Amino acid sequence: MSVTANSVWNNCLAFIKDNIQPQAFKTWFEPIKPVKLSDNALSIQVPSKFFYEWLEEHYVKLLKVALTKELGETAKLVYIIRMENTYGNREPFTEKIPSSNRGNMGPQEMDVPIKSKNPELRNPFVIPGIRNIKIESQLNPNYNFDNFLEGDSNRLARSAGMAVANKPGGTSFNPLLVFGGVGLGKTHLAHAIGVEIKDKYPDRTVLYISAEKFTQQYIESVKKNTRNDFIHFYQLIDVLIIDDVQFLSGKSGTQDVFFHIFNHLHQNGKQVILTSDKAPVDMQDIEQRLLSRFKWGLSAELQNPDYETRISILKNKLYRDGVEMPEDIIDYVAKHIKTNIRELEGAIISLIAQSSFNKKEVTLELAQQVVEKFVKNTKREVSIDYIQKVVSDYFEMDVATLQSKTRKRHIVQARQLAMFFAKKFTKASLASIGSQIGKRDHATVLHACKTVDNLAETDKQFRKYIEDLTKKLS
Ligand code: ADP
Ligand code: MG
């Protein structure tokens, strides 16, 4: 009995069916057609790129087990994406996976001076005990310049990023600080710069890390008494990319250690790239000396994308996924989602999904539903400034009064409510809330939150305040 693509796939299906929910099986595996078996590679045809990505994300392990059972350890899986071209009268077309043409980033070896005082220099990314210093760049090759579309809103930041990538450490953009609101492409651009540098200068050691992870590593190093190793490790990097530095706010220990690392790198002509959700002038609870360092180089803002850029981002996404969509739908999405590229992409992905699974045509009505859901579901985090404004307006006072030192009861209550809502609706620390609401300390904020809780239980009028304000803020 000869082994064919069909027979192999049918056996795989039998195994898969036993291992997942019937509905999932129906949605994700029934539409697949086996196409070809050659050497040890089975080619399967899937209806869209989205489908392929979903399988890769959710079922890759299962597929591998099934296939290995059939074809042995060397088994390979190849996806063929066949798009039904519902718009225009073209024939359906097929496409090999436009898998990102970049391979994964290999680890970077680093020369540690032989006479290093500390031969067991620890790399915070690996389990202690490994001597060889290999540094994974932590870069995501899918975030590159090719797919970071240019528009008025990002031109400055993008070209500064390019300039830095061409000459890391050799421009006056050091550090390069990219700032802007949520979902506007900071992380994407930060990776793109790193990826480009690795392309141009494979020997440079590039490291991408979120400020949050950096903080965790630092705390860990303090616990384990390896703070010096931590600093030393980071001082060996050629291009250091730290994402979301606003996370360092209020964390003075981490700021201090970063200050030393920064100075060392800067003095040695190494490149530092930072991102933040705010401009340096608006950063709260970051030490002055660090803020002034941030301003040494260039701060470039990513602004809300204009209409043309939103359209081209949407079209590019559709193009990469091999999907066509009527102009009026694209236009509708671009007109209604304005301030967040992640949401823009999310809405279009959702539309692609709906059309390819339910075989539903994408109508304007469907687009309206999807967009509405998106805009509603992604709750924006309110800022502490906004909370103070809403609370002051509600009690008909200005923000300066709310923040003032006065002990007049109604003002104290307003201030306590602002603190209470800041705790409830933001991720800011008590210390940070306190310093933003009239420069109080964390104990004051804690006390305010307790007072509000107590009053909410005992005072009807006060409960009404909380209800009203909650409505206004959410
Ligand atoms: P941030 O870090 O600012 O919150 P991200 O970098 O995570 O934003 O971007 C959100 C999404 O928008 C990502 O999927 C990213 O690829 C996409 N994106 C942002 N800017 C662009 C752009 N100029 N061109 C193409 N895609 C973009
Ligand atoms: Mg980000």
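Predicted model: local features only at pLDDT ≥ 70, side-chain atom pairs only at ≥ 80, totals over all residues.
Across the whole structure, a search finds 16 salt bridges. One of them joins arginine 155 to aspartate 152, with 2.5 Å between the closest N and O atoms. A second salt bridge is formed by lysine 224 and glutamate 220, whose closest N and O atoms are 3.3 Å apart. In this pair, glutamate 220 is partly exposed, and its relative accessible area is 33%.

A further salt bridge brings together the side chains of lysine 270 and aspartate 238, at 3.2 Å from N to O. This pair links distant parts of the chain, since its members are 32 residues apart. Lysine 270 belongs to the loop between helix H9 (252-267) and strand E10 (271-276), and aspartate 238 to the loop between helix H8 (227-235) and strand E9 (239-243). Lysine 270 is partly exposed, with a relative accessible area of 22%. Aspartate 238, by contrast, has a relative accessibility of 16%, and it is classed as buried because this value is under 20%. Salt bridges with shared partners also occur: Glu150, Asp152, Arg155 and Arg158 are joined in this way into one network.

Helices H8 and H9 also meet each other. Their axes come within 9 Å and cross at roughly 35 degrees, and the crossing is right-handed. On the side of H8, the contact is made by Arg227, Phe230, Ile231, Tyr234 and Gln235. On the side of H9, the residues involved are Asp256, Val257, His260, Ile261, His264 and Leu265. Sorted by class, the contact comprises six nonpolar, three polar and two charged residues.

Isoleucine 329 lies in helix H12, which spans residues 327-336. Isoleucine 329 is buried, with a relative accessible area of 1%. Apart from neighbours within four places in sequence, isoleucine 329 is in contact with Leu351, Val362, Thr363, Leu364 and Ala367.

An annotated site was considered last. An unreviewed UniProt entry places the feature "binding site" at Gly183, Gly185, Lys186 and Thr187. Among these residues, glycine 185 is found in the loop between strand E7 (176-180) and helix H6 (186-200). Glycine 185 has a relative accessible area of 18%, and is therefore buried, as this value is under 20%. When residues up to four places away in sequence are not counted, glycine 185 touches Phe148 and Leu302. Threonine 187, also part of the UniProt feature, lies in helix H6. Threonine 187 is partly exposed, with a relative accessible area of 26%. Not counting residues up to four places away in sequence, threonine 187 touches Tyr143, Tyr208 and Asp243.

Definitions and conventions
Residues numbered from 1 in each chain as written. Chains lettered and ligands numbered in written order. Heavy atoms only, no water. Salt bridge = Lys/Arg side-chain N within 4 Å of Asp/Glu carboxyl O. Buried < 20%, exposed > 50% of the residue type's maximum accessible area, 1.4 Å probe, protein only. Helix = DSSP H or I, 4+ residues; strand = E, 2+ residues; numbered from the N terminus. Axes fitted to C-alpha atoms, helices over the stretch in contact; angles between N-to-C directions. Left-handed = near helix turned anticlockwise from the far one by under 90°. Contact = heavy atoms within 4.5 Å. Nonpolar A, V, L, I, M, F, W, Y, C, P; charged D, E, K, R; others polar. UniProt positions renumbered as here; feature names shortened; annotations may be inferred.
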